[in-house]
Amino acid sequence: MAPNKYYPQLEVGNKNYTEAAVVIIGAGISGICTAINLLNNNIHNFVIVEKSGGLGGTWRDNKYPGCCCDINSHLYSYSFEQNPNWSRLYPGQEEMLRYLHTVAEKYKLFRYIRFNSSVKEARWDGEARKWKTAIEVTGSKDAEFADHYTLNSDFLVSAVGQLNSPYYPSIPGIEEFQGKIIHTSRWDWTYDYKGKRIGIIGNGATAAQVIPSVAPDAAQLTVFQRTPNWLLPRYDAAVWKPFRLLFKYFPFSLWKIRAWMMDFREAFFTVIQDQGSGWAAYAQKNSIDMLKKQIPNRPDLWEKLVPNYPVGCKRVIVSDDYYPTFTRDNVTLETNPIEKITKNGITVEGGIEHEFDLIVLATGFRTVEFMHPIQLYGANGRALSDIWRDGAHALYGVTVDSLPNFAMLYGPNTNLGHNSIILMIESQAKYIHALISQVLEARQQGQSLAIMPNPKRTVAFNEEIQETLGKTSFAHPNCRSWYKRADGKITNNWSSTVVEYQKTLSKVDWTDFILEGYGAEQLATKKRKTYLGRVREESLFTYRDWVFVMAGLLGTWGIWAVKGKGALEGFRSWVSF
Ligand code: NA7
């Protein structure tokens, strides 16, 4: 390999179409974040391969009626690209997707993305110290050029997320149904559901958004609930224009509102951590009070809708309109277990058949099978399915034993039940960049470097978090959730607060890794640690400081308005921006 110190800065062009320093799988929130991080560090030699025909990941896939985020968007957005213009506290999917497009356009990301490019498998070539990623081109015209090829890279990043592959339940008779079946993450908007008899299987976070949205248009709607969920009020509202202007012209106020949201959500972790806490009791009482207020005089429904497990065991649903939907004449809550699907509808235990035109599968995702269906083969050809035979696990949720020069975003044990996942993703992107930059530094010298976690560190880290997780409400035996496997092992969720995770990833400890090649000894014995810091999102200032600063800013504006233009005129020009 000839040295080329400018190698990372060169974009991949036609002539080197199959070679890249870094391959990122997925153009969702994580892939976009990783790419921006690379660009900010002057690394342009990367390719994002994306299975679908557009960017946005989960925000492109999920476009079912009522789809929106269950975290406020002022917090569920990149810290480095905060948006003062969110129309609501919980904007809909289309606005979320528009935001991601705006960010991608700002950073000119489209030139790095290959759409309709599906990764089948990737193999580590130990001799060349490169990943060979097999790409299948699925777009029909694109496939006329080459329908499959191998992409070679020094580093491979998985940004496929946890909510990528829909879970289709294997209910007997499902293929017999003669009406329409739609999975929520593959919503078919060419189908008109108005005036139809609709059955919805599932009542998780997705169903809780679909049900109130389709109920007014359905002839009849039956919700098949297997397990009830805890609900908390959402308090969604439009963001008043003067506030949007405040956020736009005083970015500090946007940081502050974000910090408040962060503080509140971090505090909610106590509910998950300590089932006996006052917070947990308060959350439970709040949920039951809301149920009784929104569905008055219906003890029959109260009994069906109150869970028998602690708050936080399953994802807490935030909704203001879910419970009231069950007071509609055209909505039924069915809690008898589903026996089979017939050509006309769904039969429950006891033999009652409900007839439908449309069955909606709000049955979630194959969450515990990380990276499904991509096959990875690491050092000495070891398959990821073998590494993860006892459940997915990684070091800090990012790097995996026997997989050199590979890292994941939103990997095992990095999901949250209480806060914005983007906060976790940003710290992962930063950490991954630190690994990539060492690998590319070797490459710039015409050498190579392989980095993979020391299995002893991975074991120790996972034992520690599993012990902590075992005491949280996630682990309660009365609930099944997408956070854990059928045997109860929690493979998806982080064990603590976001701040704790950010601190964990605020440095790279090179002694966590097995390093081979150029610079290995220097990193392991001399440098030992690289400090990265973290984006501190929680409150930086006290409320009193904030009021003081805002009063000062508004006072300055007042003087300018009165002296320069006249108060009224100044105010008019300010709000008409
Ligand atoms: P979830 O939260 O995994 O919910 C899936 C729902 O489907 C849940 O109510 C399940 O009941 C139900 N389900 C699954 N299989 C069946 C069968 N075979 N029969 C009856 N009911 C079934 O997925 P969501 O899409 O709602 O949410 C996923 C995340 O996406 C969400 O938390 C947000 O972070 C975004 P169960 O409760 O297991 O008894």
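Visitor: Where do the domain bounds come from, and what are the domains here?

Guide: Domain bounds come from an automatic or database domain assignment. The chain is divided into domain 1 (19-55 + 109-164 + 367-531), domain 2 (174-239 + 277-361) and domain 3 (544-575). Between domain 1 and domain 3, the C-alpha centres lie 48 Å apart.

Visitor: What kind of model is this, and how is it numbered?

Guide: This is a predicted model, with residues numbered from 1 along each chain as its sequence is written. Local features need pLDDT of at least 70, side-chain atom pairs count only at pLDDT 80 or more, totals for chains, interfaces and linings use all residues, and side-chain values use heavy atoms, with hydrogens and water left out.

Visitor: How do I read a helix for burial, taking H5?

Guide: Helices (H or I, at least four residues) and strands (E, at least two) are DSSP runs, numbered from the N terminus. Buried means under 20% relative accessible area, exposed over 50%, partly exposed in between (1.4 Å probe, protein chains only). Helix H5 (residues 205-214) is mostly covered, with eight of its ten residues buried. Among them are Thr206, Gln209, Pro212 and Val214.

Visitor: What covers the buried residues of H5?

Guide: The cover includes strands E8 (197-201), E9 (220-224) and E11 (317-318), plus helix H10 (322-325). Contact means heavy atoms within 4.5 Å.

Visitor: Where is empty space left inside the protein?

Guide: Rolling a probe the size of a water molecule over the atoms shows where empty space is left. The search uses a 1 Å grid over the protein atoms alone. A cavity is a set of points where a 1.4 Å probe fits but cannot get out. A pocket is an open set with protein on both sides within 12 Å along at least five of seven lines. Lining residues have an atom within 4 Å of a point. Grid points are joined across faces, edges and corners, and a volume is the space filled by probe spheres set on the points. Here there are five cavities of 30 Å³ or more.

Visitor: Which residues line the largest cavity?

Guide: The lining includes Val160, Asn164, Arg366, Phe370 and His372. The volume of this largest cavity is about 60 Å³. Its lining divides into three nonpolar, six polar and two charged residues. Ala, Val, Leu, Ile, Met, Phe, Trp, Tyr, Cys and Pro count as nonpolar, Asp, Glu, Lys and Arg as charged, and the others, Gly among them, as polar.

Visitor: What lines the second largest pocket?

Guide: That pocket has a volume of about 730 Å³. It is lined by 28 residues, of which Asn72, Tyr90, Pro233, Phe264 and Arg265 lie nearest its centre. Helices H7 (251-273) and H8 (278-294) each supply at least two lining residues. H7 gives the largest share, six residues. The lining holds 19 nonpolar, five polar and four charged residues.

Visitor: Which backbone angles deserve a look?

Guide: Most residues other than glycine have a negative phi, and most peptide bonds are trans. The peptide bond from His372 to Pro373 is cis, with omega near 5°. Pro373 is in the loop between strands E16 (358-361) and E17 (375-377).

Visitor: Where is Tyr396 found, and is it buried or exposed?

Guide: Tyr396 is in the loop between helix H11 (384-387) and strand E18 (406-408). Tyr396 is not a glycine, yet has a positive phi of about 55°. Tyr396 is buried, with a relative accessible area of 9%.

Visitor: Where is Asn413 placed?

Guide: Asn413 is in the loop between E18 and helix H12 (421-444). Asn413 has a positive phi of about 55°, although it is not a glycine. At 3% relative accessibility, Asn413 counts as buried.
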